[in-house]
Every structure is written in C-alpha cells, then in structure tokens.
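The sequence and the structure come first.

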Amino acid sequence: MSIKSFFAKIYARSVYKKATKWMQNPVETQEKVFQKLISEGASTVFGKDHLFSEINDHADFCNSVNITDYEGLKPYIERVVKGEENILWKGKPIYFAKTSGTTSGAKYIPITKDSIPNHIDGAKNALLFYIHETGKTDFVNGKMIFLQGSPVLEEKHGIKFGRLSGIAAHYVPSYLQKNRLPKWETNCIEDWETKVDAIVRETQKEDMRLISGIPSWVQMYFEKLVQVSGKPVGELFANFDLFVYGGVNYEPYRTKFEKLIGRKVDSIELFPASEGFFAFQDSQKEKGMLLLLDAGIFYEFVKAEEFFNENARRYTIGEVELQVNYVLIISTNAGLWAYNIGDTVMFTSLDPYRIVVTGRIKHYISAFGEHVIGKEVELALQKALEDTGVIVNEFTVAPQVNPETGLPYHEWFIEFEKEPENMEYFSLAIDNELRQQNVYYDDLIKGNVLQVLKIKKVPVNGFQEYMKSIGKLGGQNKLPRLSNDRKIVDQLKTKK
C-alpha cells in the first residue's frame, strides 16, 4: 500500500465519523442551519425587507418569504453585481457562478466565503465515503481528469465570475495537482471540440484512473479516445476503475459506456449546482444520494403535484415521505432564500436521508394531463434497452399534439448506437413500461386520447450538432430529457 493510499484511508475514516453525527440527528441539524441562516441574514437588505428579526420558526419563515426563483431575486442580485454590500448575505460574494437562463439571459448565482466550502467539500467527501466503504484507493496513485469549463475568470466590482466548474478548478488540493489532468492551458480552451481533441492528445498515454464529468460529454471524450487509439478505453487505461458524474442520470448511458470502456467500472453520482452542492452517492450498495444537511443549506420540499397551487405546503426534512415527487427549495449561506432551483427529487431512504433526482419541474410532458416526468421516461427506456440489447447515445421526448393523421402521441427522438431489429416492438416496449410508470398516461392510451408513442431516428452526432448550434456544446450544458412543447425537436435533424 502506498503512503497516499494509507493516509487516504485514515482521512476517509475521520470524515465519515464526523458526518455520522449530523446523519444521526437530521432534524436537529437542519434546525441549527435554519436558525443560523436567519440570524446571519437579519442584517441584510433582504432580511430587513422580509422581517427576519421577527422569524422564530419555519412557519414564520413561510409567512415572511414566498418561494421564488432567479427572476424573483433578480432586483437584489443586480445590486450585488453592481458592487453593493450586505444585500442578500453579509458583505459581498467572492464569486458569481455564471449560468445561462431561459428567461433571464445570463444568470449570476452568488458564491460567498461561507458557501464555497460546500461546493469543494461535497465532491471531495464523495470520494472519501467511497474509500471508507470499499477500501479502494488505487485511483489516488494515478492520474485523474475532471472534464469542466474554463477556469479563466473575469472580475467586476471586486467579484470574480465564471462557470462553476471553472471556479472549482481553483480549489483542487495541492496534493492532487500532480495527479490532475488536463493541464491548465488545455482547460482554458473555450471551444469544446478543440478542447476535447487536446485532452485526448494529452491523456491517451497517461495512467488514467479516475474520470469525472457530465456523461454526455465524457462519452464524446471516450469516443475520440477509441477513434484515435483503436482500443477500448478500459484497455487504453488499464487501471481506470472509477467514473464520477453529475448533472444527468447515468443509466441511459451505462450500456454505451460499458461498450466504450470494454468492462464495468465503479461510479459515483454527484448532485452539484451553481446554487449549492446538495448530495452525493454515499454507498455502492444503496440507491440514492446522501442529502447534505449540515452544509449551510436549509431545505424545503413541495409536492410536485401541488407546486402550482396557491399556498402549496412547504415540508421540512422531518416531514417528507418516501417515493413522493418533491420540488426542491433551498435557502443558503450564499444569500438565496426560499429559492426554487427547478429540480424535483424523491426520497429513497429516510435513515439516512437519500434522494434521487427525478427531473425538472419545468421539464415534463402534460399536453394531455399526463404529467410525465424525466425519471419515468428514463426508466421506461432503460427497461426497453435491457430487454432488447439496443444501445442509445442520446434522446429527448416531446408531444405531437396535431399529427397529420390519427390521434396525438408522444414523439421520441433517439440517436442510436445500435438500432433495434424491430422498431415497432422496441416502441411498444418503451410505451408499455411508461404506462406502468404513469397511470395518467396509461389512462390516456386506454381511453383512446393518445396513441402509442412513435420514434424518430436522429443521425449520429445529431444532438451534438444541435447543442453546438445553440452555443451550448460541452461544459455543464445538458439536453432536456423531455419538453412540453416542440421548440427543441423542431430544430433537430432526423432521418427515415
């Protein structure tokens, strides 16, 4: 055992032992976070506007602060961007994570001195929990790669801003710097395709052991590695044994990844966002990700089916139930208050509290009242893939409300790596599983309101070309799994 491996195990044990204290006292932990946030926020402009000094409990908070989103906080954020202090949180942020919004243009999410450790410790602790549970430490002795945005940051009014992954690149521990690839200059390349080509050249002869990134963009890296080397990734990188990912569900990509790698490797799922690092997969044996309850974030949960109702109830951690789809609402030590990040989650365990991300509250199909969510279409496709041996690169789903003939239907746009021998059978396999997942969709099929879904084939790299055409190729950008309109699919090229 190397010295690095020896100390990694000791460090992992220490971090895990510390975490068990809040894992065993979740409600008390969240109450402490809540009281600290309200106390710290009381002296801010937002806190004074919303009478934080009179808030004693969660009920008071609900009465004083309505659920909001970026648009709701935008007047305050604009003041912070201009350099004003003590607006949403004490002092000024040290960073703005710049993201692209659909209605707001560029969005600037504050990251403060108090909140930055949450972003850094989340990913680090995910690896340490993995070491503690499995005892596997070989990856610390080889090279690691984190596919991420450019670390080049701009500065305005004393606040630096850039992509979250680029900000995080500035906090890689010194003991990992020698192991980390690609080099700084390569990471600074803005064009994603040029960057991936450079990463391939830089890494193909290295001892890569840990690879991390959003699955769709790691897939692009793997494909180029195979193309250049003529070998499976697992043969090229004989010691590669850990894939760390976040942003989208890995399951639709798993079959394709195992083909590209040539074997199975362990994986760790993360739930990071510009607004905070919320959860990570703490076990290779249990389903779901550990919700981080002591990380300066107070969580509220609204049932997705009630979210658009007036005065929908806001649940705290001690009130949630298993297998209920919730909209995730956060208040943070970066100055976000009752903030809807747009993600929906479901609890798979209440001891400890583990979640899976089920989709986006805005990303669903309910053109006919079916309210199909991302988790349901992903599970339906996954089951069909398992039963048929088909391999899919990417997909998205949209409603076809006004077909030329026949009843309306859900239209699936799929880029195949390996096409089904019988497309009609494959379509029915997905449709039948989706009917099992969603009773409303099943009722619409039975009631002859909808016909069985239809599939349109997207050419190889068709989704990459689409993302490139809208300026969102690579980095943290993700293709929505489903939409309630046809804005995306009408721009996709299809083939017969």
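The text below goes from the whole chain to its sheet, then to single residues and cavities.

The model is predicted: local features need pLDDT of at least 70, side-chain atom pairs count only at pLDDT 80 or more, and totals for chains, interfaces and linings use all residues. Residues are numbered from 1 along each chain as its sequence is written, and side-chain values use heavy atoms, with hydrogens and water left out.

## Overall form

The chain has 17 helices and 20 strands. Helices (H or I, at least four residues) and strands (E, at least two) are DSSP runs, numbered from the N terminus. With a radius of gyration of 23 Å, close to the 23 Å that the globule rule gives for 496 residues, the chain is as compact as a globular protein of that length. That radius is taken over C-alpha atoms, and the rule is 2.2 Å times the number of residues to the power 0.38. Along the principal axes, the C-alpha atoms fill a box of roughly 65 × 60 × 45 Å. Of the 496 residues, 54% count as buried; buried means under 20% relative accessible area, exposed over 50%, and partly exposed in between (1.4 Å probe, protein chains only).

## The sheet of 11 strands

An open sheet of 11 strands runs in the order β6-β3-β7-β8-β9-β10-β11-β15-β14-β13-β12, with mixed pairing. Its edge strands are β6 and β12, each of which pairs on one side only. Two strands count as paired if DSSP finds at least two bridges between them. Strands of a sheet pair through backbone hydrogen bonds, either parallel or antiparallel.

Isoleucine 145 has leucine 181 in β6 as its bridge partner.

| Partner of β13 | Sense | Bridges | Residue pair |
|---|---|---|---|
| β14 (residues 339-350) | antiparallel | four bridges | tyrosine 326 with valine 345 |

How many residues of strand β13 (residues 326-332) are buried? Seven of the seven are, so the strand is largely enclosed by the rest of the structure. In a regular strand the side chains alternate between the two faces of the sheet. In β13, Tyr326, Leu328, Ile330 and Thr332 point one way, while Val327, Ile329 and Ser331 point the other way, and all are buried.

The hairpin of β13 and β14 has six residues between the strands, and glycine 335 there takes a positive phi near 95 degrees. Alanine 338 is found in the loop between these strands. Alanine 338 also has a positive phi, of about 45 degrees, although it is not a glycine. At 0% relative accessibility, alanine 338 counts as buried.

## Other backbone exceptions

Most residues other than glycine have a negative phi, and most peptide bonds are trans. Histidine 157, in the loop between β4 (154-156) and β5 (159-162), has a positive phi of about 55 degrees. Its relative accessibility of 43% makes histidine 157 partly exposed.

The peptide bond from leucine 181 to proline 182 is cis, with omega near 0 degrees. Proline 182 lies in the loop between β6 (180-181) and α9 (184-187). Leucine 181 is also the residue of β6 that bridges to isoleucine 145. A cis peptide bond joins aspartate 351 and proline 352 as well, with omega about 0 degrees. Proline 352 is found in the loop between β14 and β15 (353-360).

## Cavities and cysteines

The structure holds four cavities of 30 Å³ or more. A cavity is a set of points, on a 1 Å grid over the protein atoms alone, where a 1.4 Å probe fits but cannot get out; lining residues have an atom within 4 Å of a point. Grid points are joined across faces, edges and corners, and a volume is the space filled by probe spheres set on the points.

The largest cavity has a volume of about 70 Å³. Among its lining residues are Trp89, Lys90, Lys92, Phe96, Thr112 and Ala334. The lining divides into eight nonpolar, two polar and two charged residues. Here Ala, Val, Leu, Ile, Met, Phe, Trp, Tyr, Cys and Pro count as nonpolar, Asp, Glu, Lys and Arg as charged, and the others, Gly among them, as polar.

The whole structure has zero disulfides, a disulfide being a pair of cysteine sulfur atoms within 2.5 Å. Cysteine 62 is partly exposed at 21% relative accessibility, and cysteine 188 is partly exposed at 22%.

Conventions
On a 1 Å grid over the protein atoms alone, a cavity is a set of points where a 1.4 Å probe fits but cannot get out, and a pocket is an open set with protein on both sides within 12 Å along at least five of seven lines; lining residues have an atom within 4 Å of a point.
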